Amino acid sequence: MSKTIAESFRAFQLFNGFSESALGKVAELCAVREYGDGELVIGHQDTTFDVFFLLSGKLQVNLYSADGQRVGFHEILAGVMFGEISALDGLPRSASVEASGRCRIAMLPRQRFLRMIEESPSFAMAVSQQLASNVRRLTTRVFEFSTMAVRHRLRAELLRLAERGTAAGDGAVIDPMPTHAELASRISTHREAVSREMAWLDSNGVVAKKGRSLLIPRPDRLRALLEESWDG
């Protein structure tokens, strides 16, 4: 089992500076678990401090209001570490993490994670770069929530999804496409507002629904709409 985990770790940028033997030692310290769709991996305010590595599948980072409204922050894709914030500062979890489909996750004890930071400059730098990337992403979101109308925020989110999608000629395919409710939670609005804007984009040929996927024939056109609406 540890050999299989070590092989999976090769897909993680965090472990670029690790030798085969070093990866094997890390893998031996990890416990692996599979999660089903919608299952909770980390709960908001949990006082657990282990670090996780997503070996396969996809996760959603959420927070819930007192009345149960979900606010989606971002997706975690395979090859990414998560849970490092509580491991570093020893405070309760800052958000919930839930499985989006079936997932396979390796869990590393906090003390071993902290020792790896002390012993491996390349690992410490990779962790720092991930933290910096998260700060930039959240700064962008705060700016969008504070200054953009719903339609602007949706267009910005679709562009982000297109960048991670599959190339299709000059365009991109988002597959599977998040539901309108999921998109609404990500951009802090309600499903009806997303549905109205998606209908407008579809009727104007900016996007095209294809089963469970969404085609964006020309992302540059969507970007131009975002910039035009922002200028206006």
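A contact, in what follows, means heavy atoms within 4.5 Å. With that in hand, this is a predicted model, and in its chain 68% of the contacts with a separation of 6 or more are between residues 24 or more positions apart.

On to the overall picture. The chain has 9 helices and 12 strands. Its C-alpha trace spans about 55 × 45 × 35 Å along the principal axes. For 232 residues, a compact globule would have a radius of gyration near 17 Å, and the 19 Å of this chain agrees with that.

Next, the surface. The accessible surface is about 12,200 Å², and carbon and sulfur atoms hold 52% of that. Of the 232 residues, 41% count as buried. As for charge, there are 29 positive and 28 negative charges in the chain, and their mean positions lie 1 Å apart.

Is Ser96 buried or exposed? The cut-off for buried is under 20% relative accessible area; Ser96 has 7% relative accessibility and therefore counts as buried.

What does Ser96 touch? Leaving aside residues up to four places away in sequence, Ser96 touches Leu40, Ile42, Gly43 and His44, and also Gln60, Val61 and Asn62. With His44 there is a polar pair to point out: a polar atom of the Ser96 side chain lies 3.0 Å from the backbone nitrogen of His44.

Last, a distance. Arg196 is 100 residues from Ser96 along the chain, and the C-alpha atoms of the two are separated by 29 Å.

Conventions: Residues are numbered from 1 along each chain as its sequence is written. This is a predicted model: local features need pLDDT of at least 70, side-chain atom pairs count only at pLDDT 80 or more; totals for chains, interfaces and linings use all residues. Side-chain values use heavy atoms; hydrogens and water are left out. Helices (H or I, at least four residues) and strands (E, at least two) are DSSP runs, numbered from the N terminus. The radius of gyration is taken over C-alpha atoms; the globule rule is 2.2 Å times the number of residues to the power 0.38. Buried means under 20% relative accessible area, exposed over 50%, partly exposed in between (1.4 Å probe, protein chains only). Accessible areas come from the Shrake-Rupley method with a 1.4 Å probe; for residues, only the protein chains shown count as cover. Lys and Arg count as positive and Asp and Glu as negative; His and the chain ends are not counted. The place of a charge is taken as NZ of Lys, CZ of Arg, CG of Asp or CD of Glu. A polar contact is a pair of N or O atoms within 3.5 Å; within protein, one must be able to donate a hydrogen and the other to accept it, and residues adjacent in sequence count only if both atoms are side-chain atoms.
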